[in-house]
Amino acid sequence: MRLEKIIIFILACSVFQQCSYSQQTLSKIVIKDTMDDKKTNNPVYSNTDTSSVKLSEEEWKKILPANVYQIAREKGTERPWTSPLETLTAKGTYYCAVCGNALFLSDTKFESGCGWPSFYQPVSKTSIIYTPDNSHGMKRVEVQCGRCESHLGHVFEDGPPPTGLRYCINGVVLDFKKAQEIEKNFKKDKDNKSSGKEQ
Ligand SMILES: [Zn+2]
């Protein structure tokens with residue numbers, strides 16, 4: 001109940017405060033919404049299971065929100081500057097919004113000025129799949145989620161050191177989880193395990 005009150009308060013703030021804080025507040029709402037929705041409506045969503053997920057497009061359509069489906073499964077592109085995650089600087093992990101696979105750490109995020117969330121390195125080599133993309137008369141490299149093969153965006157060779165790469169990712173297909181939340185869950189998990197051992 002208390003959480004609901006907080007959410008209502010945040011919503012009220014975003015409506016009445018059209019100031020520099022509103023963007024930050026909007027980020028919180030989006031983060032809350034995406035994390036909650038995916039867990040309850042999406043049976044394959046997991047931040048810990050790394051086994052590959054293969055569903056038919058029909059099945060994906062049933063469990064994904066329309067905007068996520070359009071970008072992830074139909075290789076769409078969100079309009080630039082529309083994702084609240086583009087300017088987010090909080091510490092944490094960016095997960096695939098389709099399946100929950102860990103994709104990028106906030107430490108590797110940078111301000112590219114291109115209008116989409118940008119990173120110079122994925123979480124691991126297996127978290128991303130690379131595919132040549134010659135559509136729209138351009139030679140690009142498409143990046144897909146290593147677990148569910150959803151379209152995420154493209155990678156370009158004009159990024160900052162140490163990799164020189166720019167992973168240009170649609171914010172719609174990213175879920176962000178704050179470092180504190182991850183630490184809290186990890187600690188809870190650890191406490192449970194250690195108390196189990198003692199008994
Ligand atoms: Zn995925």
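**Exercise 1. Which residue in E6 does Pro 132 stand opposite?**

Solution. Pro 132 stands opposite Val 141 in E6. Next, look at the strands: E5 covers residues 128-133 and E6 covers residues 140-145. They run antiparallel and are joined by 6 bridges; two strands count as paired if DSSP finds at least two bridges between them. Strands here are DSSP runs (E, at least two residues), helices are runs of H or I with at least four, and both are numbered from the N terminus. Finally, follow the chain: E5 and E6 form a hairpin with 6 residues between them, and His 136 in the turn has a positive phi of about 55°.

A word on the model: it is predicted, so local features need pLDDT of at least 70 and side-chain atom pairs count only at pLDDT 80 or more, while totals for chains, interfaces and linings use all residues. Residues are numbered from 1 along each chain as its sequence is written.

**Exercise 2. What is the strand order in the open sheet of 3 strands?**

Solution. The order is E2-E1-E9, with antiparallel pairing. The edge strands, each pairing on one side only, are E2 (102-105) and E9 (174-178). Now zoom in: E1 (residues 92-96) pairs with E2 over 3 bridges, and Tyr 95 has Ala 102 in E2 as its bridge partner.

**Exercise 3. Which residues is Val 173 in contact with, leaving aside its neighbours within four places in sequence?**

Solution. Contact means C-beta atoms, placed from the backbone, within 7 Å. By this rule, the partners of Val 173 are Val 68, Ile 71, Ala 72, Cys 96, Ala 97, Val 98, Ser 150 and Leu 152.

Notes:
Contact = placed C-beta atoms within 7 Å.
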